[in-house]
Amino acid sequence: IRGYGQPLQKTRFGFLQTLTGFFLAAGVFLLMAGFLIQLKWFELRQPPTQDLILAVFGKALISAPLVSIIEEVLFRGALLGIFLRAFKPGIAIVSLSILFAGVHLLSPPEHLAISNPRSATAGFELLHQIGLKVTQPEVILHSFVSFFTIGLLLGIARYRTASLWLPIGLHTGWVFSMKIFGNLATRREDFPGGYDVFIGKRITEGIIPVIALILTGIALMCYLHLIKSTEPREE
């Protein structure tokens, strides 16, 4: 055991950090989404009426913070705290980011079909299909790298601020933008197959989302440098 790790600290401007993280993450990803639509790689599912937009935004504003708080308390709160007791900060953040990405790959594949959902072996069939999914190279490229990068940024934000406010804001912004874009737009049916490496069927898949995350990371580093010496802390 290395020691007591890094206990979470209180901060006066936690809510401001959350808002900053939210607009930073959601802003970059939604700009990327607009870029993909301008390229005509994605298209709107249907004309965006006022009622549709309000419904989609309302659901995203409810679910995104809930999912983000639960995952951040678990991963960057409990688990990273444990990892920091056993490893140096860099190793702890990287290790947890690998775990974070791996867990997100365990979701069932799209268009999942179980031969007999009521059978005693249905669970094993589900696990088999998930196993086939995570062994596909395109899944590693499309999803694992993105979620690993997200995990790194969230871990750095938690460690540099010694709190969960900023990670929760970033996480909420990403989940919010994914839900908004996923419900309003879809990849075109005539999308060139050779461009899959740039963007997959989801906004988190491919090289372009990773570039967007890197840009978000640069902005995050600038913000962390800005608040390093200006934010007073309460013991």
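Thr172 is buried, at a relative accessible area of 10%, where buried denotes under 20% relative accessible area, exposed over 50%, and partly exposed in between (1.4 Å probe, protein chains only). The structure is a predicted model, in which local features need pLDDT of at least 70 and side-chain atom pairs count only at pLDDT 80 or more, while totals for chains, interfaces and linings use all residues. Residues are numbered from 1 along each chain as its sequence is written, and side-chain values use heavy atoms, with hydrogens and water left out.

Thr172 belongs to helix α6; helices (H or I, at least four residues) and strands (E, at least two) are DSSP runs numbered from the N terminus. Beyond its neighbours within four places in sequence, Thr172 contacts Phe22, Ala64, Pro65 and Ser68, contact being defined as heavy atoms within 4.5 Å.

The largest nonpolar core comprises 38 residues, and Leu170, Trp174 and Leu220 have the most contacts inside it. Such a core is a set of buried Ala, Val, Leu, Ile, Met, Phe, Trp, Tyr and Cys residues joined through side-chain atoms within 4.5 Å. Two or more residues are contributed to this core by each of α1 (14-38), α2 (50-86), α3 (89-104), α5 (137-161), α6 (165-184) and α7 (207-228). A second, separate core of 9 residues includes Ala26, Val56, Ala60 and Leu184.

Most residues other than glycine have a negative phi. Lys40, in the loop between α1 and β2 (42-44), has a positive phi near 65° and is exposed at 57% relative accessibility. Ala162, in the loop between α5 and α6, has a positive phi of about 55° but is buried at 5% relative accessibility.
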